[in-house]
Amino acid sequence: MSAVIKTPEEIEKMRVAGKLAAEVLEMIEPYVKPGVTTDELNTICHNYIVDVQQAVPAPLNYHGFPKSICTSVNHVICHGIPNDKPLKEGDIINIDVTVIKDGYHGDTSKMFFVGTPSIQGKRLSEVTQEALYIGIRMVKPGVRIGDIGAAIQKYAEGFNYSIVREYCGHGIGAEFHEEPQIVHYGKPGTGEALQAGMCLTIEPMVNAGKRHCKLLKDDWTVVTKDRSLSAQWEHTLLVTENGVEVLTLRSDDTIERVIEHTA
């Protein structure tokens with residue numbers, strides 16, 4: 001299986017889906033506060049996607065996943081299932097949203113602070129977001145996946161954090177997960193070269209402790225083995241002729257929507 005190069009018509013649909021996914025994260029922000037349950041956040045997002053956006057929440061029933069968003073709190077790395085446990089002051093939470101509109105997927109996630117975060121939680125979240133931005137700024141035709149992974153890994157490990165190896169970014173389009181896999185560690189000069197027209201996600205998962213993880217009995221929730229905090233940020237991207245377009249850009253992002261490399 002090789003990467004799917006998108007047509008101009010498909011790219012336009014990807015832009016629409018990406019914008020909708022970003023809007024869900026913007027919409028849910030005021031609701032993320034102490035006392036709310038992740039199941040309540042799930043219901044709000046589900047109703048917004050279905051009723052307001054006239055779209056489909058991709059996670060719902062995907063390989064049996066029971067909810068419309070993923071909510072990963074504190075030491076949960078990814079794929080946390082929304083439940084009835086209230087969030088508490090100081091929690092950090094990743095909300096991961098994927099919207100299907102017109103048959104195409106927009107996939108994005110961000111970290112939210114519940115009340116005032118701990119110094120460690122805030123720092124981990126900020127470093128992880130910057131690691132994502134470092135990866136995004138490198139994207140252009142000819143750059144290899146290993147180049148991006150190596151840069152993300154070097155930055156995160158510079159803070160004595162660790163990169164989760166078992167889960168990664170991916171191609172995206174009419175399918176939720178397409179080739180290639182985008183790992184967030186690696187060696188420069190290795191891996192597939194990016195091509196214009198590819199759509200992909202970069203979504204580093206960074207742990208405050210060791211990189212090792214374990215899968216809980218629900219077969220979805222992934223946690224840090226040492227119960228250290230974990231953070232993740234994700235954007236869906238389009239590889240352009242000379243750079244990258246961030247399809248899931250939010251108003252709170254501090255990176256440009258379109259980055260062009262002149263060299």
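Mentor: Please do, bearing in mind that this is a predicted model.

Trainee: Why is His79 called partly exposed?

Mentor: The relative accessibility of His79 is 26%. Partly exposed lies between under 20% for buried and over 50% for exposed, so His79 at 26% counts as partly exposed. His79 sits in the loop between strand S3 (76-78) and strand S4 (92-101). Beyond neighbours within four places in sequence, its contacts include Phe65, Tyr167 and Trp220.

Trainee: What makes His177 partly exposed?

Mentor: His177 has 42% relative accessibility, and exposed would require over 50%; His177 therefore counts as partly exposed. This residue lies in the loop between strand S7 (169-171) and strand S8 (178-182).

Trainee: With which side chain does the side chain of His177 make a polar contact?

Mentor: The partner is the side chain of Tyr62, at 2.8 Å; the cut-off for such a pair is within 3.5 Å.

Trainee: How do you know that Cys78 is in no disulfide?

Mentor: The structure holds zero disulfides. For Cys78, the nearest cysteine sulfur belongs to Cys213 and is 7.4 Å away, whereas a disulfide needs sulfur atoms within 2.5 Å. For Cys199, the nearest cysteine sulfur, that of Cys168, is 17 Å away, and Cys199 is in no disulfide.

Trainee: Why is Cys199 called buried?

Mentor: Its relative accessible area is 3%, and buried means under 20%, so Cys199 is buried.

Definitions and conventions
Residues are numbered from 1 along each chain as its sequence is written. This is a predicted model: local features need pLDDT of at least 70, side-chain atom pairs count only at pLDDT 80 or more; totals for chains, interfaces and linings use all residues. Side-chain values use heavy atoms; hydrogens and water are left out. Helices (H or I, at least four residues) and strands (E, at least two) are DSSP runs, numbered from the N terminus. Buried means under 20% relative accessible area, exposed over 50%, partly exposed in between (1.4 Å probe, protein chains only). Contact means heavy atoms within 4.5 Å. A polar contact is a pair of N or O atoms within 3.5 Å; within protein, one must be able to donate a hydrogen and the other to accept it, and residues adjacent in sequence count only if both atoms are side-chain atoms.
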